[in-house]
Amino acid sequence: MIAVIGAGPAGLMAAEILSATGQSVTVFDRMPSVGRKLLMAGRGGLNLTHSEPLDAFVTRYGTTDPRLAAAVHAFPPDALRAWAEGLGQELFTGSSGRVFPKAMKASPLLRAWLARLAAQGVRFDLRHRWHGFADDGALLFDGMEPVPVEGTVLALGGASWPRLGSDGNWTDILTAKGIEVAPLKPANSGVMIGWTQVFRERFAGTPLKSVAIRALGRVSRGDAVISAYGLEGGAIYGLSSALRDAGPSTITVDLRPDLSEAAVAEKLRMLRPRDSLSNGLRRTLSLAPVAMNMLREGQFDLPRDPVTLAALIKALPLRVTGVQGLDRAISSAGGIALDEVDDRFMLRRLPGVFAAGEMLDWEAPTGGYLLQACMATGAAAARGLLDWQTAA
């Protein structure tokens with residue numbers, strides 16, 4: 001029997017590939033149901049992958065390690081799209097290049113996937129936490145006798161949203177075996193900003209549409225959302241890893257990235273003396289109330305001089321005091337050092353044990369890159385296990 005530990009996308013993909021060859025596969029998980037983070041990801045539209053060219057795609061993972069790149073090349077976005085369509089999920093590509101099921105949620109895909117796995121004979125043994133290995137290599141779980149196996153794929157995830165199952169407890173098991181594990185850190189997380197109480201109470205939950213945010217020499221365009229603690233959403237997630245590593249920093253928000261500073265100043269010259277500044281900004285620049293009040297967060301008495309005000313609208317400074325922790329982050333960084341696995345994703349110190357998904361030390365922005373790498377490494381670990389069996 002082959003054991004897959006972890007019933008997220010990486011583990012389910014490994015189980016599918018292994019069982020398709022006739023292997024007897026059991027998927028173990030400590031939660032009472034499978035794919036919990038996948039279902040959470042699908043609440044706002046399940047972003048499966050991205051349509052950008054593959055050579056650019058593989059640069060998004062914060063590492064140049066050839067093993068990760070090889071896994072994505074072997075199971076690229078086109079393969080993931082064909083796989084989803086094979087499960088009856090019609091897809092579309094958004095204007096940003098992101099790829100989604102037309103159903104815009106994960107549950108139909110997950111149901112079809114589980115039906116395929118059942119047809120291939122995959123068993124699920126849930127509500128059992130993994131505790132490591134017996135002296136003879138058998139697997140140890142809560143409430144079970146030691147489980148002898150012919151091979152294992154570890155796909156326990158990182159440590160983000162731990163209430164959904166990925167709590168990172170596996171790190172102690174592997175470090176006790178001498179395996180290098182980089183500390184797990186939040187990735188794609190919101191940032192903390194000290195809003196005034198009035199702004200926080202009025203605008204928490206309000207979207208900030210079509211902005212450009214700059215920090216530490218980087219720029220990220222898109223939408224964000226005001227939260228009680230600061231900012232979250234795609235436009236800030238792309239910068240959160242750099243902000244996490246830098247500590248307290250200043251970001252600047254461009255509230256009208258489609259216009260140059262000179263063009264903004266020219267529109268501001270149209271302000272009429274009788275206009276209040278709020279009405280004038282709404283009339284000349286179509287600024288939403290949340291944007292106008294953000295301007296006042298940093299400078300209560302806004303200048304009416306067009307050049308000075310244009311500079312503020314194009315680069316509103318906000319002080320970031322930190323990032324949200326693992327309990328709120330979309331994903332995590334850190335994990336098993338990639339040098340600890342061979343080209344088959346087998347742990348060098350534990351023959352017959354393979355690792356996949358967010359357990360490995362890579363990180364990626366949102367946009368489809370996370371799911372793509374989880375499924376690609378799950379596929380790579382499964383193929384590696386089959387190759388190891390053949391060579392043994």
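Predicted model: local features only at pLDDT ≥ 70, side-chain atom pairs only at ≥ 80, totals over all residues.

Tutor: In the classes used here, Ala, Val, Leu, Ile, Met, Phe, Trp, Tyr, Cys and Pro count as nonpolar, Asp, Glu, Lys and Arg as charged, and the others, including Gly, as polar. On that basis, the lining of the second largest pocket comprises nine nonpolar, five charged and four polar residues. The space in this pocket amounts to about 230 Å³. Its lining numbers 18 residues, of which Phe133, Asp136, Gly137, Pro351 and Val353 are the closest to the centre.

The part to examine closely is the barrel. Six strands close it in the order E11-E14-E13-E12-E15-E16, with antiparallel pairing. On average, neighbouring strands of this sheet are turned by 50 degrees against each other, direction ignored. Helix H9 (residues 234-246) touches E11, E12, E13, E14, E15 and E16, and its direction makes about 115 degrees with that of E13. Helix H13 (residues 306-314) touches E15 and E16, its direction making about 110 degrees with that of E15.

Strand E16 (residues 316-323) is joined to strand E11 (residues 191-193) by three bridges, and the two run antiparallel. Within this pair, Ile193 stands opposite Val320. Five antiparallel bridges connect E16 with strand E15 (residues 249-254), where Ser249 stands opposite Val320. Strand E15 in turn is joined by three bridges to strand E12 (residues 207-215), again antiparallel, and Ile213 stands opposite Val253 there.

Terms used. Residues numbered from 1 in each chain as written. Heavy atoms only, no water. Pairing = 2+ DSSP bridges. Helix = DSSP H or I, 4+ residues; strand = E, 2+ residues; numbered from the N terminus. 1 Å grid on protein atoms, 1.4 Å probe; cavity = no way out; pocket = protein on both sides within 12 Å on 5 of 7 lines; lining within 4 Å. Points joined across faces, edges and corners; volume = space filled by probe spheres on them. Axes fitted to C-alpha atoms, helices over the stretch in contact; angles between N-to-C directions. Contact = heavy atoms within 4.5 Å.
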